[in-house]
Amino acid sequence: MRRPAVRPLLAIALAATLSIAVAEEAPPPTTAGVLAASTPADWRRPDPENVLYLELDSGRVVIELAPQFAPLHADNIRTLVRAGYFDGLKVIRSQENYVVQWGDPHADDPEQARPLAPAKATLPPEFTRPMRGLDFTVLADGDVYAPEVGFSGGFHAARDPEAGQAWLAHCYGVLGVARGGTADSGSGAGLYVVIGHAPRHLERNITAVGRVLRGMELLSTLPRGSGPLGFYTDPAQQVPVKAMRVAADVPEAERSALEVFRTDTAAFAQLMEARRNRREEWFLHPVGKVELCNVPVPVREVVGTE
């Protein structure tokens, strides 16, 4: 009886092994798949000292401050909030595809304007900060507005290695500080949130100080103002601000329990790849690129808090 040749048997075994390996290879990641496979270490709970609650009649908008980018403005905003400055003020502007802004409708009238003390009336601009010492996850696809873009501490960010400067990117949901004609004319007494296509041209021209974590729909669906830049011409259209609070000052049982996806992990690198090449069943053509503001930083509610 003839024995089977050894080489054909090895070839058959190798082919079978390769077939199994291909069959068992993990499918390309999707955003939902990345989040489903994430571990508790891939998420972080924001410091309540850096979380603001904007309370409207329609609900709560949860905002996270970014003091690593604008420490003076973050501190001044907390001072204003804790002094009750915003309580009873108004949403004064809703501009289509741009921003919603709130503050004192009488801010330009010295006789009627609400006092800012103990907060400062003006601050040095914090349009950028030194990039040294700032954790940064680079998005490899490049950018039009900055030499490099990526993520830092859960925020969309940009930087210029040659100049050694970094800044928050003006993506959807970013919190900015309204200012007048001079760079130091913003204090945080007037705040806005981007509700439209990312106005990246504002970067390095105005101070960005945080982003909305929850409640964007309460701002983006407000009726648009009919005046220039979307300001409400009829005071009756202005939306009341019931209150603003620092989360650390709110009883824990009344806080919004949220976690934010970390941007310095392997899981977030997978999420960036999932957004670069969309593999959900509906998509027919994975683009292979993504722009900064189209990569979300997910937020979720914490279940079963202690």
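This is a predicted model: local features need pLDDT of at least 70, side-chain atom pairs count only at pLDDT 80 or more; totals for chains, interfaces and linings use all residues.

Colleague: What makes Trp282 and Phe283 an edge-to-face pair?
Modeller: Rings of Phe, Tyr and Trp (its six-membered ring) pair if their centres lie within 6.5 Å; planes under 30 degrees apart count as stacked, over 60 as edge-to-face and the rest as tilted. The centres of Trp282 and Phe283 are 5.0 Å apart and their planes stand at 90°, so the pair is edge-to-face. The count by this rule is 5 aromatic pairs. Tyr85 and Phe86 form another edge-to-face pair, at 5.1 Å centre to centre with 85° between the planes.

Colleague: Why is Trp282 called exposed?
Modeller: Buried means under 20% relative accessible area, exposed over 50%, and partly exposed in between (1.4 Å probe, protein chains only). Trp282 has 69% relative accessibility, so Trp282 counts as exposed. Phe283 has 30%, and therefore counts as partly exposed. Tyr85 and Phe86, by contrast, are both buried.

Colleague: Which residues make up the aromatic cluster?
Modeller: One cluster is formed by Trp43, Phe151, Phe261 and Phe268. Trp43 also has a charge above its ring: the charged end of Arg300 sits 4.0 Å from the ring centre.

Colleague: How do you know that Arg300 sits over the ring of Trp43?
Modeller: The rule asks for NZ of Lys or CZ of Arg within 6 Å of the ring centre and within 35 degrees of the ring normal. The distance for Arg300 and Trp43 is 4.0 Å. Arg60 likewise lies over the face of Tyr53, at 3.9 Å from the ring centre.

Colleague: What makes a set of residues a nonpolar core?
Modeller: Such a core is a set of buried Ala, Val, Leu, Ile, Met, Phe, Trp, Tyr and Cys residues joined through side-chain atoms within 4.5 Å. The largest has 35 residues, and Leu54, Phe86, Val91 and Trp102 have the most contacts inside it. A second, separate core of 29 residues includes Val149, Val260, Leu271 and Leu292.

Colleague: What separates a cavity from a pocket?
Modeller: On a 1 Å grid over the protein atoms alone, a cavity is a set of points where a 1.4 Å probe fits but cannot get out, whereas a pocket is an open set with protein on both sides within 12 Å along at least five of seven lines; lining residues have an atom within 4 Å of a point. There are 2 cavities of 30 Å³ or more. The largest cavity holds about 60 Å³, and among its 13 lining residues Glu126, Phe127, Trp167, Leu168 and Ala208 lie nearest its centre. The second largest cavity has about 30 Å³, and its lining includes His73, Phe127 and Arg179.

Colleague: Which residues lie closest to the centre of the largest pocket?
Modeller: The largest pocket has a volume of about 840 Å³. Of its 32 lining residues, Gln101, Ala107, Asp108, Ala178 and Gly190 are the closest to the centre. Strand β5 gives the largest share of that lining, 4 residues.

Conventions
Residues are numbered from 1 along each chain as its sequence is written. Side-chain values use heavy atoms; hydrogens and water are left out. Grid points are joined across faces, edges and corners, and a volume is the space filled by probe spheres set on the points. Helices (H or I, at least four residues) and strands (E, at least two) are DSSP runs, numbered from the N terminus.
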